[in-house]
Amino acid sequence: MAEVSVTKAAPETPAFGRPGWMMPLGEGLFGISPFALMREFVDEMDKSLGVPAVAGGTFWPAIECKKANGDFVVKAEVPGLKKEEVKVELAEGALILEGERKMEKKETKEGWFQTERRYGKFYRSIPLPEGAQPEQVKAELTNGVLEIHIPVAETKPAVKNVPIK
């Protein structure tokens, strides 16, 4: 039987235990700063609670686009915004949604005072489908949901039979 030699060495401090060490991004949990992890955690909690994402003064309303009853329908969730705070434009084959949220809430009760402020802008550009008729667009804001209907003319793709020899 072959002999095996065993030597005992002092335990080495793992790389991530050394001061100032940071793993390159994309190589696991230790490659992300704790502040980035916390920011990501807060964003995920906001998503689960239905709070619009806010970062650097910008928020992105949830948007749904579909074709229904001959219309291209766009629904955007803009809770708390009034129609004066949202701008809908059609330019260069795209539907452009813009808006700005300025919300301030003050509450005073016995022994304490609380103020909350939320600010944010959004800009979304959605390409229009072929055959869209922008001159007949209709938009309505109800209970925080902006719904836009753009009629779309039915277009049939040109089909050409190719004879096989």
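Is Glu98 buried, exposed or partly exposed, and what is its relative accessible area? I found Glu98 partly exposed, at 28% (buried is under 20% relative accessible area, exposed over 50%, partly exposed in between, with a 1.4 Å probe and protein chains only).

Before going on, I noted that this is a predicted model, where local features need pLDDT of at least 70, side-chain atom pairs count only at pLDDT 80 or more, and totals for chains, interfaces and linings use all residues. Residues are numbered from 1 along each chain as its sequence is written, and side-chain values use heavy atoms, with hydrogens and water left out.

Next I looked up salt bridges (a side-chain nitrogen of Lys or Arg within 4 Å of a carboxyl oxygen of Asp or Glu). The search of the whole structure gave four.

I then turned to Lys87. Its side chain forms a salt bridge with that of Glu98, at 3.6 Å from N to O. Lys87 lies in strand E5 (residues 86-91) and Glu98 in strand E6 (residues 94-109), so this pair ties together parts 11 residues apart in sequence. Strands (E, at least two residues) are DSSP runs, numbered from the N terminus.

Lys87 also meets Glu89 in a salt bridge, again listed at 3.6 Å, N to O. I noted Lys87 as partly exposed at 41% relative accessible area, and Glu89 as partly exposed at 32%.

My last entry concerns Glu107 and Lys109, whose side chains form a salt bridge at 3.8 Å, N to O. Glu107 is partly exposed at 24%, and Lys109 is partly exposed at 49%. As for shared partners, salt bridges join Lys87, Glu89 and Glu98 into one network.

Terms used: Helix = DSSP H or I, 4+ residues; strand = E, 2+ residues; numbered from the N terminus.
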